[in-house]
Amino acid sequence: MSAYQHGKHVQARRALKPLLKHPAADGNTFLLAGLVEAQLDNTARATQLLEQAAKKSPDSAAACLSLGNVLHARGRMQDAAGAFREAARRAPDNAQAWNNLGVVYEDMGHTRDALDCYDRVLEIDPGFDNALRRRPAVLARLRWFEPAREAYESLLRRYPDDPVLRIDFAQILEQANRPGEAAAYLPEPGVVENSGEDARVEYVRAQLLIREGDLDGALSGLQAAHERTGKDFLCYREGMVLDRLGRYDEAMAAFQCANEATAKQKDFRRLLDQPVSDYLRHKIEAGVQPPDSGVETAAADEAAPVFVTGLPRSGTTLLDRMLAAHPDIQVLEELEALYMAETALAEGAGPDEARRVYWDFVKRHIDLRPDAAIVDKNPMHVMHLDILPRLFPRARVVYVLRHPYDAALSCFMQDFDPGPVTARFLDLGTTASLCAQFLKLMLNYESACPGRVIRVRYEDLVANFQVEVARVLEAMDLSWYEGIEDYARIAARAAPIMTASYEQVTRRLYHTSLERWKHYEPWLAPFHHELGGILSEFGYGR
C-alpha cells in the first residue's frame, strides 16, 4: 500500500504477487492489485483482479467503482455501466458511483439516463462539482435550452471567473444561434492561462467571425492561437476557413494535422480497437430478411416512425429541419433508440418487447406530441436497418444521398466527438471503407424491402427543396405547409441543434458544398478504390 501511494507501482506489484496466491487473500488485496495494474496500463489484468475483488467483497462498492473506471477506460461501455450500477446498488448514497454512471451514459448517448444520474448525485451531495458542471451540457444535448441556460447562469454566479464554464456556455449559446450572447461570455483570447482553454476560446471566436463573414479575421486568430498554444485541434477550424477561401492544399494539410493529433488521444485510441468494420461486414454478409406477415400484424397497432438516414454529413439534418417546420411533424434528433432495440433483440427479446424498448427510450428523451407524425433522424440508423423488418415492417425509410465522395470527405474534415464510428473518420482510407459499408447496408435493406425507401438527393434538395420535401410529405400522407419555406429562420430560433451541421442548417441554401471533392482529387485514391464501384448504384459518377 505504501509503495502504491508513493507511485512505486512496480514495487507494489512485486509485493502483492505472493499475497495474491495466499488462500486468505481478501477483496482489499485484489482491489489494490487491480489499482496497481491499472496504473501500469495493464488494463486487461486490472479488470480480472477487480472482478475478483468485487466477488470477494460482495458488500463493498469500492471494487465495483474501480472496475467500472477500468472498463470505461477500455471502451467497454456496457460493462462499465453494469459495474457502476452494481456499485450504486451496494451503496445507494455513493455520489461517486452515480456520477461515474452518468459519465458512461453520456458516452453511450443515453443522455436522459445521464441527467437522471446527475440529479441523483446532487440529491446526495448538492455541492458535487463534477455533476454540477456536467449537468448543464447534458440539458443542452437534450435540447432543453432554457433549463441549460439557467444551470449555466447559476454556476457562473458561483464561479463568475471560471474560464471553462464561460467557454462551455459560450459554445452552447453559439450553437443555439445566439452569437451576441456567446461573445459576451467568451473570455478574451490570450487572457486564459491554460493553453487548452485559450485554444478553445479562439475556436469559438473563429466560428463567431465566420458567421459574420470575416474569414480572414477568423483565420488570423486561429493561426495565432495555434502558434501560441500548440493545440492541433484548432486545425479543424483552420481547414474549414481555408476551404471556404479556396486554399485547398492548405486546407487538406490542416485537416490531416488535426486528425493525426486526434488519433493520438487516449479516447480515440481505445475506440480504434473496437471491431466496427467486422460488425458491419457480418451484417452485410447476413443480408436483410424481408418482413414477416405475422410480425406486420403484431406491429399494426403501433404507428411506425419515418426513419431518415444516410451517410453522415449527407444532409440528413438539413432535411429534418425542413420537415420539423411542418406543424404535424415531430423530429427525433439522433437518438440511439434503434440501437437500444437491436440490443434487446440480441439479448433474446421478441419484436413486441424490442418495440417497447424503442418507444420507452424515445419517451425518456422526448415529450411526444399527440397525433404528431414522428420522424426519427440518425445517420447511424444505417447500421440497424436489418432489424427494421422485424421491428417496424411498415416503416418508410428516407435515404438522404449526397455524392459519397463529398459526404466521406466532409466526415474526414469534421471535428467529431469520440465514438466507435467517428474514430474511423481520422484517416481517408478508413473513412472510405466505412462509408462503402454503410452504402452496402442501405442497398441490402432497399433490396429486401422494395417500395419502402424514398431516396432524396442532397443535390436536388439544394436545387429545389420544395419538390423533394413534398415527395417525403406525400409518403407520410401529409400536405405541403407554407411555413416550410421559412425553415432556416425557424431552425435559427429553435432549441440548439446538437449535431455537426448546426450552423449550416440555419443559413439559406447554398451551393458551395456541391462537388467539393473535385478540389481534393490528389488525395482521393482511397475513395476511388473503396467507393468508386458503388457510385452508380446511387446515381453518381466519378
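User: How many disulfides does the count come to?
Analyst: The count comes to 0 disulfides, a disulfide being a pair of cysteine sulfur atoms within 2.5 Å. Cys117 is in no disulfide, and the nearest cysteine sulfur, that of Cys64, is 15 Å away. Cys435 is in no disulfide either; for Cys435 the nearest cysteine sulfur belongs to Cys411, at 4.9 Å.

User: Is Cys117 buried or exposed? And Cys435, buried or exposed?
Analyst: Cys117 is buried, with a relative accessible area of 4%. Cys435 is buried at 2% relative accessibility. Here buried means under 20% relative accessible area, exposed means over 50%, and partly exposed lies in between (1.4 Å probe, protein chains only).

User: What kind of model is this?
Analyst: This is a predicted model, in which local features need pLDDT of at least 70 and side-chain atom pairs count only at pLDDT 80 or more, while totals for chains, interfaces and linings use all residues. Residues are numbered from 1 along each chain as its sequence is written, and side-chain values use heavy atoms, with hydrogens and water left out.

User: What is the mean pLDDT of the protein?
Analyst: The mean pLDDT is 90, and 93% of the residues reach 70 or more; pLDDT is the predictor's confidence in each residue, from 0 to 100. Over residues 500-507 the pLDDT is below 50, although this stretch has 29 contacts in the model beyond near neighbours in sequence. A contact means heavy atoms within 4.5 Å. Where pLDDT is low, the predicted coordinates should not be read in detail.

User: Now the overall fold. How many helices and strands are there?
Analyst: The protein has 29 helices and 5 strands. These are DSSP runs numbered from the N terminus: helices are H or I with at least four residues, and strands are E with at least two. The C-alpha trace spans about 75 × 65 × 45 Å along its principal axes.

User: Changing topic, how many salt bridges does a search of the whole structure find?
Analyst: The search finds 35 salt bridges, each a side-chain nitrogen of Lys or Arg within 4 Å of a carboxyl oxygen of Asp or Glu. One of them joins Asp116 and Arg364, with the closest N and O atoms 2.3 Å apart. Asp116 lies in helix H8 (residues 111-124) and Arg364 in helix H22 (residues 351-365), so the pair ties together parts 248 residues apart in sequence.

User: What about Glu333? Which residue forms a salt bridge with it?
Analyst: Glu333 pairs with Arg321, with 3.5 Å between the closest N and O atoms. Glu333 is in strand S2 (residues 329-333) and Arg321 in helix H20 (residues 316-324), 12 residues apart. Glu333 is buried at 13% relative accessibility, and Arg321 is buried at 7%. Salt bridges that share partners join Asp320, Arg321, Glu333, Glu334 and Lys377 into one network.
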